[in-house]
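Please read the points below with the model open beside them. They are set out region by region, and each can be checked against the coordinates.

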Amino acid sequence: MKLATLKQGGRDGTLVVVSRDLARCRAVPAIARTLQAALDDWENCEPQLRQVYEALNSGAVDAQPFDEAACHSPLPRAYQWADGSAYINHVELVRRARNSEVPESFYSDPLMYQGGSDSFIGPRDRVVADEAWGIDFEAEVTVVTGDVPLGATPAEAAKGIRLVMLVNDVSLRNLIPNELAKGFGFFQSKPASAFSPVAVTPDELGDAWHDAKVHLPLVVHLNERLFGRPNAGVDMTFDFGQLIAHIAKTRELEAGSIIGSGTVSNKQGGLWGSSIEHGGVGYCCLAEVRTYETIEQGKPETPFLRDGDTVRIEMLDADGRSVFGTIQNTVEALRR
């Protein structure tokens, strides 16, 4: 099943069921006006939403054209947005850029921060930031949970996954070092994220969803040029069940909590991976390729994002069809 939120009907938008081919959609106010409302009453809403989905795919109900540009993030705001760093290759690379070693515990205990979730930007909205801040994109996979109890095991936590999405988790790289030096984590360096137009139930992924991971390439283009296509199911040290259980160790998770995988990153058989140009699967953020360039050439050559740059993030199924729709964010330089 595929769900989206249109930018109409108030701050939390209007929930629509979207056809599998992303061509048509139908609002379902009699079932739930918003995605959060559906998640709050998932046991009752999910079967009704699925009936609409099946009818939509068969052409048995009236529908309107689905316009990804009219979408907000599926949850325009969320009770919780916690982002992990499940791909240790990414951690190794970005820490190498800061001349910082990776603690041994990071290989057995997930790294995670709590991001701002009071508002997200839409999948086609502009990223507005000062170029001097070092604007970077981070392409990731995320899940949305139902209620997860305190102390849930990874297996129990995985059963609480309701939906899967993609995200552009924007980072302001030049602000990060000073923030981390304070010993209190990210804040200013993590502005609003943009999620995929569509959220899908795990069963929609078929064989690509197993072991609480998505086993498909995450495709990133920068200014229409292929930048990366690492497989999200490869080199993921901690699966989503483990990431959710890490949070549930000390607290309950409420329905509508969003948990991120961290930047998808493959080693590709080497220590750091390789760019598309050098025959590798590339990267899902600029920080990694800049570190790769520093290792290979002594200094980074690829700049951070500038005014007018556009990043496109999507995931295609085995038949080349878009699963989640496309995140496409253009940078707009902050002008004071």
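**Notes on the predicted model**

1. Gly-280 is buried, its relative accessible area being 9%, and since the model is a predicted one, that value should be read as computed from predicted coordinates. Gly-280 belongs to the loop that runs between strand S19 (257-260) and helix H7 (286-297). Asn-266 is 14 residues away from Gly-280 along the chain, and the C-alpha atoms of the two are separated by 9.4 Å.

2. Helix H6 (residues 240-248) is largely enclosed by the rest of the structure, because 7 of its 9 residues are buried. The buried residues of H6 are Phe-240, Gly-241, Leu-243, Ile-244, Ala-245, Ile-247 and Ala-248. The N-terminal end of H6 is capped by Asp-239, which places a side-chain oxygen 2.9 Å from the backbone nitrogen of Gly-241.

3. Asp-309, in the loop between H7 and strand S20 (310-315), deserves a separate look. Asp-309 is buried yet has no salt bridge, and the nearest side chain of opposite charge, that of Arg-306, is 5.9 Å away.

Notes:
Residues are numbered from 1 along each chain as its sequence is written. This is a predicted model: local features need pLDDT of at least 70, side-chain atom pairs count only at pLDDT 80 or more; totals for chains, interfaces and linings use all residues. Side-chain values use heavy atoms; hydrogens and water are left out. Buried means under 20% relative accessible area, exposed over 50%, partly exposed in between (1.4 Å probe, protein chains only). Helices (H or I, at least four residues) and strands (E, at least two) are DSSP runs, numbered from the N terminus. A polar contact is a pair of N or O atoms within 3.5 Å; within protein, one must be able to donate a hydrogen and the other to accept it, and residues adjacent in sequence count only if both atoms are side-chain atoms. Lys and Arg count as positive and Asp and Glu as negative; His and the chain ends are not counted. A salt bridge is a side-chain nitrogen of Lys or Arg within 4 Å of a carboxyl oxygen of Asp or Glu.
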